[in-house]
Amino acid sequence: MHMVIYALVEASTHDDALATGKSVFDRLVGADPHAGAVFDYYVTFDEEDTSVAGKARWGELPTAAPIDSDDGQDLLERGWEATKEEFERNLDRVKEAIDELSDEEIMRDEDLARHAFQKVGAYDGPTIFLYTEHATGIRHRGQLDRLLEESEELWIVPADVHF
């Protein structure tokens, strides 16, 4: 499956932002020997030679945008809303499992209950759409707001990832 994720990075130029974003995505796909793979591969929106990912799948997106630009705000909103919606969807599944299933049924992963529990608690992967420049998933609004307030030259870099 494919999804678009976003790296929030400090940079002074577009090219620096894109390069830093790619290093974040490298870590998330395990290209860095000290990082575990969270996704199979990624394609940034500056790549032209693919027919199944990036622009070919999602259309034109900025390759990198200052967070305070219109494009940057649009990408940030898309990433945050997707994170929030995925969390709420999985949290609803967890609440339903607790209300309707026995402990034994949950332990057996009836209706993928334990899977939903894991997704609610995830720090990265398919339920997290925003990442810091250290490849850390942004899991709650306070964490995002703190990053936005403390950063001086923040850029957002999108990538199509496969998992």
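Me: At what angle do helix H3 and helix H5 pack, and how far apart are their axes?

Reply: One thing first: this is a predicted model. Now the general idea. Two packed helices are described by the angle between their axes and the distance between the axes. Here, H3 (residues 70-100) and H5 (residues 113-120) pack at an angle of about 140°, with 8 Å between the axes. That angle makes H3 oblique to H5. Roughly antiparallel would need an angle over 145 degrees.

Me: What is the handedness of the crossing of H3 and H5?

Reply: The H3 and H5 crossing is left-handed.

Me: Which residues in H3 and H5 meet?

Reply: From H3 you have Phe87, Asn90, Leu91, Arg93, Val94, Ala97 and Ile98. On the H5 side they meet Ala113, His115, Ala116, Phe117, Lys119 and Val120.

Me: Where does UniProt place the "coiled-coil region"?

Reply: The unreviewed UniProt entry puts that feature at residues 77-104. Keep in mind that such annotations may be inferred rather than shown by experiment. In the model, the span 77-104 is 93% helix and 0% strand, and its end C-alpha atoms lie 40 Å apart.

Me: Let's move on to cores. Which residues touch the most other members of the largest nonpolar core?

Reply: The background is this: in soluble globular proteins, nonpolar side chains tend to be buried together. In this model the largest nonpolar core has 22 residues, and the ones touching the most other members are Ile5, Val24, Phe25, Leu28 and Phe39. Strand S1 (2-10), helix H1 (14-28) and strand S5 (154-162) each supply at least two residues of this core. H1 gives the largest share, with five residues. There's also a second, separate core of 16 residues, which includes Val4, Ile67, Leu76 and Ile156.

Me: What does Phe39 touch, if I don't count residues up to four places away in sequence?

Reply: Quite a list. Phe39 touches Met3, Ile5, Leu28 and Val29, then Gly125, Pro126 and Tyr131, and finally Val161, His162 and Phe163. Two of the names there, Ile5 and Leu28, also turned up among the residues that touch the most other core members.

Me: Is Tyr42 buried or exposed?

Reply: Read that from the relative accessibility: under 20% is buried. Tyr42 has 17%, so Tyr42 counts as buried. It sits in strand S2 (residues 41-44). Leaving out residues up to four places away in sequence, Tyr42 touches Lys22, Phe25, Asp26, Val29, Ala159, Asp160 and Val161. Tyr42 and Gly54 are 12 residues apart in sequence, with 8.3 Å between their C-alpha atoms.

Me: And what about Lys55: where is it placed, and what is it in contact with?

Reply: Lys55 is in helix H2 (residues 55-58). Its relative accessible area is 22%, so Lys55 is partly exposed. Apart from neighbours within four places in sequence, Lys55 is in contact with Phe45, Glu48 and Glu60. Its C-alpha atom is separated by 8.9 Å from that of Val43, 12 residues apart along the chain.

Me: Where is Thr132 found, and is it buried or exposed?

Reply: Thr132 is in the loop between strand S4 (130-131) and helix H6 (141-150). At 14% relative accessibility, Thr132 counts as buried. Setting aside neighbours within four places in sequence, its contacts are Leu8, Val24, Ile138 and Leu147.

Me: Which residues does Arg141 touch, not counting those up to four places away in sequence?

Reply: Trp80 and Leu148. Arg141 itself lies in H6 and counts as partly exposed, at 35% relative accessibility. Trp80 is 61 residues apart from Arg141 in sequence, yet the C-alpha to C-alpha distance is 8.3 Å.

Me: Last one, on backbone torsions. What is phi of Asp111, and what is phi of Leu112?

Reply: For Asp111, phi is near 55°, a positive value in a residue other than glycine. Leu112 likewise has phi near 55°, again positive and again not in a glycine. Asp111 lies in the loop between helix H4 (103-107) and H5, and Leu112 is found in the loop between H4 and H5 too. As for accessibility, Asp111 is exposed, with a relative accessible area of 61%, while Leu112 is partly exposed at 47%.

Conventions. Residues are numbered from 1 along each chain as its sequence is written. This is a predicted model: local features need pLDDT of at least 70, side-chain atom pairs count only at pLDDT 80 or more; totals for chains, interfaces and linings use all residues. Side-chain values use heavy atoms; hydrogens and water are left out. Helices (H or I, at least four residues) and strands (E, at least two) are DSSP runs, numbered from the N terminus. A nonpolar core is a set of buried Ala, Val, Leu, Ile, Met, Phe, Trp, Tyr and Cys residues joined through side-chain atoms within 4.5 Å. Buried means under 20% relative accessible area, exposed over 50%, partly exposed in between (1.4 Å probe, protein chains only). Contact means heavy atoms within 4.5 Å. Axes are lines fitted to C-alpha atoms, for helices over the stretch in contact, and angles run from 0 to 180 degrees between N-to-C directions. Angles under 35 degrees count as roughly parallel, over 145 as roughly antiparallel, 65 to 115 as roughly perpendicular and the rest as oblique. A crossing is left-handed if the near helix is turned anticlockwise from the far one by less than a right angle, and right-handed if clockwise.
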